[in-house]
Amino acid sequence: MSRWHRLHLGLTYAFLYLPILVLMILSFNKAGLPTAWGGFSLEWYGKLFANPKIQQAAFNSLVVALISTLIATAIGTALALGVERAKPSAAREALLFAPMIIPDIVLAIALLSFFTLLKFSLGLHSIIMAHVVFNIAFVTAVVRARLKSFDWSLTEVSRDLGAGAQQTFWHITFPLILPSVVAAALLAFTLSVDEFIIAYFTAGAGQSSTTLPMQIYSMIRFGVTPEINAMATIVMGIAFVALFTAQRLNKGQVPGM
């Protein structure tokens with residue numbers, strides 16, 4: 001890599017991550033001001049964890065992320081296996097990845113209209129269902145990345161030796177695609193924790209259905225405080241760890257993303 005390429009890469013990374021680094025540093029600012037450094041302090045993290053509204057929002061986000069991830073991973077993995085063995089179809093591929101490219105605001109309005117049409121009550125359960133909708137496409141894409149290089153002759157040999165379809169799946173197919181399934185689950189979990197627009201439209205009224213991004217939005221309307229910086233730092237840390245682990249497990253090869 002030439003010197004100019006290194007310089008370009010360094011400037012690009014600085015443009016992308018310098019604001020995040022500044023935010024993280026300010027979360028430890030004792031002064032509590034974005035323009036003056038008053039020394040290192042963990043005070044804002046202590047206040048953050050002592051705030052009952054933030055505790056409730058964090059718990060809600062965790063519940064939504066875990067349940068929606070489990071459901072989306074199961075459905076997405078099954079869908080990936082079915083689509084990969086089926087005859088190629090451009091229309092099917094377009095429909096499969098549509099939730100990944102549809103603007104969040106459009107998908108949020110569509111889901112809200114759908115729930116209203118069915119007279120479906122809103123709450124954490126509606127947020128979970130909404131998150132499953134868009135996470136399925138991401139899970140399917142990640143799992144299919146592994147299936148592209150999967151040796152299907154192994155399953156045929158298993159069937160020839162007398163194993164049933166379920167035995168073949170659990171003893172041959174699933175162990176071989178497990179890293180990609182875990183990577184897909186981590187990605188889905190991260191997207192669910194970070195997602196705001198769809199959750200905002202499909203949540204019910206009250207703190208009982210407020211997720212962490214929604215709580216951050218309600219707090220930031222009165223100005224950026226060190227507590228918000230601390231909360232954002234924690235959320236970003238979780239997201240970075242999950243995404244890095246997912247990339248390592250799946251070698252970063254995700255078609256359609």
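Which residues in H3 meet which residues in H10? In this predicted model, Lys 53, Ile 54, Ala 57, Ala 58 and Ser 61 form the H3 side of the contact, and Leu 212, Pro 213, Gln 215 and Met 219 form the H10 side. Sorted by type, the residues of this contact are 6 nonpolar, 2 polar and 1 charged. Helix H3 covers residues 52-85 and helix H10 covers residues 212-220. Their axes come within 7 Å and cross at roughly 145°.

Ser 61 belongs to helix H3. Is Ser 61 buried or exposed? With a relative accessible area of 7%, Ser 61 is buried. Setting aside neighbours within four places in sequence, the contacts of Ser 61 are Thr 211, Leu 212 and Pro 213.

The protein has 11 helices and 0 strands, and from the N terminus on its elements run α-α-α-α-α-α-α-α-α-α-α. The C-alpha trace spans about 70 × 60 × 30 Å along its principal axes. Of the 257 residues in the protein, 38% are buried. Among contacts with a separation of 6 or more, 74% join residues 24 or more positions apart.

Another helix pair is formed by H6, residues 124-147, and H8, residues 165-194. How far apart are the axes of H6 and H8, and at what angle do these helices pack? The axes lie 9 Å apart and the angle is about 150°. Angles over 145 degrees count as roughly antiparallel, and H6 and H8 are therefore roughly antiparallel to each other. Their crossing is right-handed.

The contact between these two helices can be read residue by residue. On the H6 side stand His 131, Phe 134, Asn 135, Phe 138, Val 139, Val 142, Val 143, Arg 146 and Leu 147. These meet Leu 176, Ile 177, Ser 180, Val 181, Ala 183, Ala 184, Leu 187, Ala 188, Leu 191 and Ser 192 in H8. The residues of the contact comprise 14 nonpolar, 4 polar and 1 charged.

Helix H6 also packs against H5, here at an angle of about 130° and with the axes 11 Å apart. That angle makes H5 oblique to H6. The crossing of H5 with H6 is right-handed. From H5, the residues Leu 107, Leu 111 and Phe 115 meet Ser 126, Met 129, Ala 130, Val 133 and Phe 134 of H6. By type, this contact holds 7 nonpolar residues, 1 polar residue and no charged residue.

The loop between H5 and H6 contains Lys 119. Lys 119 has a positive phi of about 55°, although it is not a glycine. At 78% relative accessibility, Lys 119 counts as exposed.

Which residues touch the most other members of the largest nonpolar core? In this core of 38 residues, they are Met 100, Leu 111, Val 139, Val 143, Leu 147, Ile 177 and Ile 198. At least two core residues each come from H3, helix H4 (90-101), helix H5 (104-117), H6, H8 and helix H9 (197-202). The largest share, 13 residues, is supplied by H6. A second, separate core has 14 residues, including Tyr 45, Leu 48, Ile 54 and Ile 216. Of these, Ile 54 was already met among the H3 residues in the contact with H10.

Beyond its neighbours within four places in sequence, Leu 147 is in contact with Ala 80, Leu 81, Glu 84, Trp 152 and Ile 177.

Not counting residues up to four places away in sequence, Ile 172 touches Leu 154, Thr 155, Ser 158 and Gln 167. The C-alpha atoms of Ile 172 and Leu 66 are separated by 27 Å, and these two residues are 106 residues apart along the chain.

Conventions: Residues are numbered from 1 along each chain as its sequence is written. This is a predicted model: local features need pLDDT of at least 70, side-chain atom pairs count only at pLDDT 80 or more; totals for chains, interfaces and linings use all residues. Side-chain values use heavy atoms; hydrogens and water are left out. Axes are lines fitted to C-alpha atoms, for helices over the stretch in contact, and angles run from 0 to 180 degrees between N-to-C directions. Helices (H or I, at least four residues) and strands (E, at least two) are DSSP runs, numbered from the N terminus. Angles under 35 degrees count as roughly parallel, over 145 as roughly antiparallel, 65 to 115 as roughly perpendicular and the rest as oblique. A crossing is left-handed if the near helix is turned anticlockwise from the far one by less than a right angle, and right-handed if clockwise. Contact means heavy atoms within 4.5 Å. Ala, Val, Leu, Ile, Met, Phe, Trp, Tyr, Cys and Pro count as nonpolar, Asp, Glu, Lys and Arg as charged, and the others, Gly among them, as polar. A nonpolar core is a set of buried Ala, Val, Leu, Ile, Met, Phe, Trp, Tyr and Cys residues joined through side-chain atoms within 4.5 Å. Buried means under 20% relative accessible area, exposed over 50%, partly exposed in between (1.4 Å probe, protein chains only).
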